[in-house]
Amino acid sequence: MVRSLLGLSAVFLLSGAAHAWEHLDHESFNEAVHPHEHAVGAYLRSDDPGNAALEAEWNEAKAESSVPFFSVDCLAEGEHRVLCSPKHYDNANLPIISMLQHGELRTTYPGPRRASAILQWINRAKHRTTTQELTASSLSTFKTASEAACVAFLPAEPTSDDHEDGHPVHSALRQHWEYIAEGTTLGGRVSLGLLIDPPAQTVADESLGHLPALKCWTNQEMKVGHKSAAAAATAAIANNPYVKANKWLSREGSHASKVLSGPDASDAGVPALQQFIVDATRPVIGELTAENHEEYLNRGKPIVYIFASTEAERADLRSSLSKSAVSYAGTLSIVTVDPFALPELQQKLGLFDPTPRPVVMTRSQLGAEDDTSTGSDEEEEPVLAAPQRHEGAGLVAQPGKPVGVLVQLWSGNIWHYPQDKGFTVKELMGWGLSVKIGGVKPFRAADPEWKWPKKEEQKTAAAVEEEDRGRHDEL
């Protein structure tokens, strides 16, 4: 009877009627999550000040999704802490959102803490294969159903006479494409599809040129409960002369696109394909995450970081500034940042760390009174220690008061945006011009930590491709 009641309680917690952070414990987790083919879980630290903002987005996504949602408090005492074991998750990076399949980890969410982005990831992640096989009729829906989508258009499967050394022509491109979808974080951030033997009309309509071809689309940022894009931002991009003249972008109704075709596509290795996807799907103003930060650094362009404490503020900033930002897309990166998601970044930029950081230690290191260590050479199970709050830690971006930082990557110079200025296009551009002509001294000059690329030896593209090919062979 007790077991049945626990099961009913857990089912209620997974339903949309429950409060988002009514966490499952170890037993209710087994009862409620294992029976489901797919379930989405948030693994949290209960003392994280960013939980309230995440909870609002979590509730929105939960209300729209047919997949069960659950949460786990990784600081709570008890047997269920094994669910948050460092063997499965890096506790220092909590919160973590994951999809489970019958209770087993399937994939981890690599995107921003935004309801619409979480929902798009769920729709991709629950497919048995991350790369979706399309038809000419399903293409139009696929390319507009998410904020970023890419499709590999491949010729018909060859006959035996078209093989080279026993391998079908273009099979390597397909294998590379599927590896990116399954084995990299791009598969969780971008919808990736395959269309085999597209009709001639589709090839012409999509301006593909020669097969094989790759094409990516970026659509207006989506909002939960809203089917259409924001008309103002769409018009701002469509009417901007930069877009019409820039070889990277073309307009097709409400979205921008980029094509790679012929030998450029068929001869591309994994690194080149990844870079194509990154470049083609980069939004005018991006959302910074741990997964995409290095991509912005690798661009080598100056970066404007805008920290804002709520998703609503960050969304408004991306929308209101995109009209101006599109004119500078080729020479400047502008990103909004969730200060709770990347607290260490703020310290590196000369700002405050808004959250206490957790520490992963062994029980003997913690000096726990109930330490049961036997003194053997066996590796101790790591545990999550209480977070340590640093003296003077405080929230940099208050509601209604974003904080901006400009980093010049080639020099390592860092400028802090004046706190008495607003984030209007006029004020930002005026300040930026003053920086450009040397009228504003950097907050920190020639910081070696921010010179990019780093001076240490970098892997060559060929070495990276060979490494990726080796990993693919193991799959």
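Why is the disulfide of Cys150 and Cys216 right-handed? I would like to come to that in a moment, after a word of caution that what we are looking at is a predicted model.

On confidence, the protein chain has an average pLDDT of 75, and 69% of its residues score at least 70. Among the elements of the chain, strand S14, residues 303-307, has the highest mean pLDDT, at 95, whereas helix H10, residues 241-245, has the lowest, at 31. The pLDDT is also below 50 over residues 1-19, although the model gives this stretch 27 contacts beyond near neighbours in sequence. Likewise, residues 384-395 stay under 50, and there the model has 32 contacts beyond four places in sequence. Where pLDDT is low, the predicted coordinates should not be read in detail.

A search of the whole structure finds 1 disulfide, and it joins Cys150 to Cys216, with an S to S distance of 2.0 Å. The pair links distant parts of the chain, as Cys150 lies in strand S6 and Cys216 in strand S10, 66 residues apart. Both cysteines, Cys150 and Cys216, are buried. As for the opening question, the torsion about the S-S bond of Cys150 and Cys216 is about 110°, and therefore the disulfide is right-handed.

How values were computed. Residues are numbered from 1 along each chain as its sequence is written. This is a predicted model: local features need pLDDT of at least 70, side-chain atom pairs count only at pLDDT 80 or more; totals for chains, interfaces and linings use all residues. Side-chain values use heavy atoms; hydrogens and water are left out. pLDDT is the predictor's confidence in each residue, from 0 to 100. Helices (H or I, at least four residues) and strands (E, at least two) are DSSP runs, numbered from the N terminus. Contact means heavy atoms within 4.5 Å. A disulfide is a pair of cysteine sulfur atoms within 2.5 Å. Buried means under 20% relative accessible area, exposed over 50%, partly exposed in between (1.4 Å probe, protein chains only).
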